[in-house]
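Dear colleague,

I am handing over the structure that we talked about, and below it you will find a careful account of what was found. Please read the notes with the model open beside you.

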Amino acid sequence: EREFHSALTEQEWDLVLFDFHSKCLSAREALRQVKSIHEDLPFILISGPIGEENVAFLMKKGVDDFILKTNYYRLEGLVKRLLLDRAIHRRAEKAQKKAFEAFAARESMLAIVSHDIKNPLSAIHLEAQSLLRTVDKYGKSVMGEEVKIQAGRILKTAERMKGLIIDLLERNRSQDALKVIQKVQVDPVQLFYESLDNVRPLFREKNIT
């Protein structure tokens, strides 16, 4: 029994073939030890006739299959099938683990990016508001009006970017992102001029009419 336990804990095994009539260890205890140490390690029980109740009980406890000593011809195919099943199961577990790790990494990256972008955006937002208040307070000149328009554009852009970040985070948290999309009525003319406002400074810089 000690040797059996040591072998299980100190070495890697592909599967266990166990004789039901082993003198040193009962099949139930051997199965308990195997499943407690390596839950996915296939366990094949070999025996003469031991009765359906015994077989049913041991299968329920985790025996992967049972072979009569008169049916050894089944052993090769059974071993191949169990080893293939175990390999597929392990690959699936690894893939699932990688998927969870990738998801966690994406969540972490999004949190960092959103934090690093939101802070300077908040500063831009506050400065634009301050600029608008200053213009309102000190002057109604042509230049003042121009500054007011530019500050308004900065404010709108900052608000839009903050909205995009919040939207990105919210959609990322949702398991079905499509369900959070909502239909709303939009004035196409207003949408056009808002879009034009965002690129007007770039047009001026490059002398585009």
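Which residues do ring pairs link into a cluster? They are Phe-4, Phe-18 and Phe-43, where rings of Phe, Tyr and Trp (its six-membered ring) pair if their centres lie within 6.5 Å.

Before going further, please keep in mind that this is a predicted model, in which local features need pLDDT of at least 70 and side-chain atom pairs count only at pLDDT 80 or more, while totals for chains, interfaces and linings use all residues. Residues are numbered from 1 along each chain as its sequence is written, and side-chain values use heavy atoms, with hydrogens and water left out.

The protein chain contains six helices and three strands, and from the N terminus on these elements follow the order α-β-α-β-α-β-α-α-α. The radius of gyration of the protein chain is 35 Å, well over the 17 Å that the globule rule gives for 209 residues, so the chain is more spread out than a compact globule. Helices here are DSSP runs of H or I with at least four residues, and strands are runs of E with at least two; the radius is taken over C-alpha atoms, and the globule rule is 2.2 Å times the number of residues to the power 0.38. Along the principal axes, the C-alpha atoms fill a box of roughly 105 × 35 × 30 Å.

Of the 209 residues, 22% count as buried, a word that means under 20% relative accessible area, with exposed meaning over 50% and partly exposed in between (1.4 Å probe, protein chains only). Among contacts (heavy atoms within 4.5 Å) between residues at least 6 apart in sequence, 59% join residues at least 24 apart.

The structure holds three aromatic pairs.

Asp-187 and Gly-48 are 139 residues apart in sequence, and their C-alpha atoms are 83 Å apart in space.

With kind regards

Terms used: Rings of Phe, Tyr and Trp (its six-membered ring) pair if their centres lie within 6.5 Å; planes under 30 degrees apart count as stacked, over 60 as edge-to-face and the rest as tilted.
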